[in-house]
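These are my notebook entries on one protein chain. I set down what I looked up, entry by entry.

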Amino acid sequence: MQTGKVPMFKMKPQQGTLWLAIFVFLLGVLAFYDGHRNPGDIAAQDRANLAFALSVVLSGTLMIVATSRMWFRHLWHDRYGRRVRQR
């Protein structure tokens, strides 16, 4: 039970955002392979490359957001969880 007003941050990535990043990346891979299925359609290949690049950027951003708590050292401790009572 937490008694202070400051929330305790866990050293775990946010699961929902992490799964969303994986899903966006897989959609980009599927779009890439679908666009490169026909070697004669250059416009489809260009669109597939753009879709894959956008999915990589978006999933990378989501990975950074999912692990954002781990990027700040001041959130690595449990300052307020184990408070010792003083008599």
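Entry 1, contacts along the chain. I looked up contacts, meaning heavy atoms within 4.5 Å, between residues at least 6 apart in sequence, and I noted that 64% of them join residues at least 24 apart. I was working with a predicted model, in which local features need pLDDT of at least 70, side-chain atom pairs count only at pLDDT 80 or more, and totals for chains, interfaces and linings use all residues. Residues are numbered from 1 along each chain as its sequence is written, and side-chain values use heavy atoms, with hydrogens and water left out.

Entry 2, the chain as a whole. I found two helices and zero strands in the protein chain. Helices (H or I, at least four residues) and strands (E, at least two) are DSSP runs, numbered from the N terminus. Of the 87 residues, 16% count as buried; buried means under 20% relative accessible area, exposed over 50%, and partly exposed in between, with a 1.4 Å probe and protein chains only. The chain exposes about 7,400 Å², an area from the Shrake-Rupley method with a 1.4 Å probe, where for residues only the protein chains shown count as cover.

How do helix 1 and helix 2 pack, and at what angle? Helix 1 covers residues 15-35 and helix 2 covers residues 42-66; I noted an angle of about 170° and axes 8 Å apart. Axes are lines fitted to C-alpha atoms, for helices over the stretch in contact, and angles run from 0 to 180 degrees between N-to-C directions. The two helices are therefore roughly antiparallel to each other. The cut-offs are under 35 degrees for roughly parallel, over 145 for roughly antiparallel, 65 to 115 for roughly perpendicular, and oblique for the rest. By class, the contact of helix 1 with helix 2 has 18 nonpolar, seven polar and no charged residues. Ala, Val, Leu, Ile, Met, Phe, Trp, Tyr, Cys and Pro count as nonpolar, Asp, Glu, Lys and Arg as charged, and the others, Gly among them, as polar.

I located Leu-62 in helix 2 and Thr-17 in helix 1. Leu-62 is buried at a relative accessible area of 15%, and Thr-17 counts as buried at 17%. Leaving aside neighbours within four places in sequence, Leu-62 is in contact with Thr-17, Leu-20, Ala-21 and Val-24. By the same exclusion, Thr-17 touches Leu-62, Val-65 and Ala-66. Leu-62 and Ala-21 are 41 residues apart in sequence, but 5.4 Å apart from C-alpha to C-alpha.

Is Ser-59 buried or exposed? Ser-59, in helix 2, is buried, with a relative accessible area of 8%. Not counting residues up to four places away in sequence, Ser-59 touches Ala-21, Val-24 and Phe-25. A polar atom of the Ser-59 side chain lies 3.2 Å from the backbone oxygen of Val-56.

Leu-50 is found in helix 2 and counts as exposed at 51% relative accessibility. The C-alpha atoms of Leu-50 and Phe-32 are separated by 8.6 Å. Thr-67 is found in the segment after helix 2. A polar atom of the Thr-67 side chain lies 2.9 Å from the backbone oxygen of Met-63. Thr-67 and Lys-12 are 55 residues apart along the chain, and their C-alpha atoms are separated by 7.5 Å.

Conventions: A polar contact is a pair of N or O atoms within 3.5 Å; within protein, one must be able to donate a hydrogen and the other to accept it, and residues adjacent in sequence count only if both atoms are side-chain atoms.
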